[in-house]
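Here is a short report for a reader new to this structure. Look at the helices first, then at the rings and the surface.

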Amino acid sequence: YGSVIMINNMKNVTNGSVQTGLATATLTSLIAQNCGKKFQIVCAEKLNAVRKMLGLSSDDSFDSRSKAAGIARYLNAHYVLYSAASGNVKEPTLDLQLIEVPTGEIIWSGRNVTHNSYS
């Protein structure tokens with residue numbers, strides 16, 4: 001395996017309810033299938049154990065990138081994938097940012113419109 005990556009729970013900033021847990025699981029699965037040799041993904045159980053230790057709910061999306069990077073640092077991850085769904089809940093815009101944990105630098109970002117995938 002290559003570098004360790006923590007996939008942050010998707011943050012919902014749409015005008016309605018989004019199944020962020022399902023969206024995060026789908027994103028994790030896609031990364032595992034397509035980038036499995038490049039990244040070792042921090043498992044959800046390990047991430048949830050840290051959330052519990054810190055008194056956070058299992059669906060906490062770590063409101064800030066710095067908070068997500070801090071958790072990733074604690075888990076010895078090299079990268080954190082930060083994601084957010086925004087705009088209209090019926091056709092949310094998905095924003096992704098790959099953050100290098102040691103520097104906090106956003107090394108990749110992408111934006112994609114999904115069609116009822118997570119609502």
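**Helix H2**

Leu-47, Val-50 and Arg-51 are the buried residues of helix H2. Viewed down the axis of H2, these buried residues fall within an arc of 100°, so they line one face of the helix. The model is a predicted one.

An α-helix has 3.6 residues a turn, so residues three or four places apart point the same way.

The other side of H2 carries Glu-45, Lys-52 and Met-53, which are exposed. What do the buried residues of H2 pack against? They pack against strand S1 and helix H3. After H2 comes Gly-55, with a positive phi near 80°.

**Helix H3**

Helix H3 spans residues 65-74, and within it Ala-68, Ala-69, Ile-71 and Ala-72 are buried. Down the axis of H3, the buried residues fall within an arc of 160°, so they too line one face of their helix. Ser-66 and Tyr-74 sit on the other side of H3 and are exposed.

Which elements cover the buried residues of H3? The cover includes strand S1 (3-7), helix H2 (44-53) and strand S4 (79-87). Just after H3, Asn-76 has a positive phi of about 60°.

| H2 | Leu-47, Val-50, Arg-51 | 100° |

**The aromatic pair**

How many aromatic pairs does a search of the whole structure find? It finds one. The ring centres of Phe-39 and Tyr-79 are 5.8 Å apart and the planes stand at 85°, so the pair is edge-to-face. Planes over 60 degrees apart count as edge-to-face. Phe-39 belongs to strand S3 (residues 39-41) and Tyr-79 to strand S4, so the pair ties together parts that are 40 residues apart in sequence. Are these two residues buried or exposed? Both Phe-39 and Tyr-79 are buried.

**The surface patch**

Now turn to the outside. Met-53, Leu-54 and Tyr-74 make a nonpolar surface patch of about 340 Å². Met-53 lies in helix H2. Why does Met-53 count as exposed? Its relative accessibility is 52%, and exposed means over 50%. Tyr-74, another member of the patch, is one of the exposed residues of H3.

Terms used:
Residues numbered from 1 in each chain as written. Predicted model: local features only at pLDDT ≥ 70, side-chain atom pairs only at ≥ 80, totals over all residues. Heavy atoms only, no water. Buried < 20%, exposed > 50% of the residue type's maximum accessible area, 1.4 Å probe, protein only. Helix = DSSP H or I, 4+ residues; strand = E, 2+ residues; numbered from the N terminus. Arc of directions from axis to C-beta. Contact = heavy atoms within 4.5 Å. Patch = residues over 30% accessible without salt bridge, like charges linked within 9 Å, V, L, I, M, F, W, Y side chains within 5 Å. Areas by Shrake-Rupley, 256 points an atom, 1.4 Å probe, with all protein chains shown as cover. Salt bridge = Lys/Arg side-chain N within 4 Å of Asp/Glu carboxyl O. Phe/Tyr/Trp six-rings, centres within 6.5 Å; stacked < 30°, edge-to-face > 60°.
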